[in-house]
Amino acid sequence: MDESILEGLKDINGYLGAAISNYTGEILVSDAHKVSGSLEEASLTFNESFRHLHGVSKKLNLGDTHTMEVEMDKAVVLMICSGEDTRLHLHAFAIFKKDGSVALAKLELKKLIEKAVTALS
């Protein structure tokens with residue numbers, strides 16, 4: 001798997017960056033050309049938050065956590081999980097400008113995580 005797997009996201013209006021990581025936060029592929037700062041550090045932080053939400057949702061008997069959306073002043077961060085009980089537990093996240101095509105990005109992120117699981121299977 002290489003950076004080309006992110007092509008569908010890169011074409012969406014407002015795209016700033018994306019990464020796919022394993023459950024522990026190790027980045028498998030990323031694109032940070034339009035992001036200032038460390039995408040790797042951000043990925044680890046968002047991954048830890050997502051892992052925490054996995055635990056909270058289980059404790060509350062709400063089932064698995066699938067997606068997360070964080071709105072900031074200038075951007076939106078979208079995260080998606082391949083599934084906690086799947087053979088390959090992956091997380092993907094993407095950063096978009098707040099006025100970007102976030103709804104379209106959500107749809108593409110679902111396709112992306114499926115492609116990543118298939119590529120690594």
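This is a predicted model: local features need pLDDT of at least 70, side-chain atom pairs count only at pLDDT 80 or more; totals for chains, interfaces and linings use all residues.
Residues are numbered from 1 along each chain as its sequence is written, and side-chain values use heavy atoms, with hydrogens and water left out.

**Around Ser57**

- Ser57 sits in helix 2 (helices are DSSP runs of H or I with at least four residues, strands are runs of E with at least two, and both are numbered from the N terminus).
- Leaving aside residues up to four places away in sequence, Ser57 touches Leu62, Gly63, Asp64 and Thr65 (a contact is heavy atoms within 4.5 Å).

**The nonpolar cores**

- The largest nonpolar core has 22 residues, and those touching the most other members are Ile5, Leu9, Ile20, Ala92, Phe96, Leu109 and Leu112 (a core is a set of buried Ala, Val, Leu, Ile, Met, Phe, Trp, Tyr and Cys residues joined through side-chain atoms within 4.5 Å).
- Two or more residues of this core come from each of strand 1 (15-22), strand 4 (75-81), strand 5 (90-97) and helix 3 (102-120).
- Helix 3 supplies the largest share, with six residues.
- Ile5 touches Ile20, Val29, Leu112, Lys115 and Ala116, not counting residues up to four places away in sequence.
- There's also a second, separate core of twelve residues, and among them are Leu16, Ala19, Met68 and Ala75.
- As background, nonpolar side chains tend to be buried together in soluble globular proteins.

**Aromatic pairs**

- How many aromatic pairs does the structure hold? There are two (rings of Phe, Tyr and Trp, the last by its six-membered ring, pair if their centres lie within 6.5 Å; planes under 30 degrees apart count as stacked, over 60 as edge-to-face and the rest as tilted).
- Tyr15 and Phe96 make an edge-to-face pair, at 5.7 Å centre to centre and with 75° between the planes.
- Because Tyr15 lies in strand 1 and Phe96 in strand 5, this pair ties together parts that are 81 residues apart in sequence.
- Tyr15 is buried at 4% relative accessibility, and Phe96 is buried at 0%.
- Phe46 and Phe93 form a tilted pair, because their planes are at 45°, with ring centres 5.7 Å apart.
- Phe46 is in helix 2 and Phe93 in strand 5, so to link them the pair spans distant parts of the chain, 47 residues apart.

**A nonpolar patch on the surface**

- Leu53, Val56, Leu60 and Leu62 form a nonpolar surface patch with about 350 Å² of accessible area together.
- Patches take residues with over 30% relative accessible area and no salt bridge, joining like charges within 9 Å and nonpolar side chains (Val, Leu, Ile, Met, Phe, Trp, Tyr) within 5 Å.
- A salt bridge is a side-chain nitrogen of Lys or Arg within 4 Å of a carboxyl oxygen of Asp or Glu, and accessible areas come from the Shrake-Rupley method with a 1.4 Å probe, where only the protein chains shown count as cover for residues.
- Leu53 lies in helix 2 (residues 39-59) and counts as partly exposed because its relative accessibility is 32%.

**Around Val70**

- Val70 lies in strand 3 (residues 67-71) and is partly exposed, at 25% relative accessibility.
- Val70 touches Ala75, Val76 and Val77, not counting residues up to four places away in sequence.
- From C-alpha to C-alpha, Val70 and Ile95 are 9.6 Å apart in space, while 25 residues separate their positions in sequence.

How values were computed:
Buried means under 20% relative accessible area, exposed over 50%, partly exposed in between (1.4 Å probe, protein chains only).
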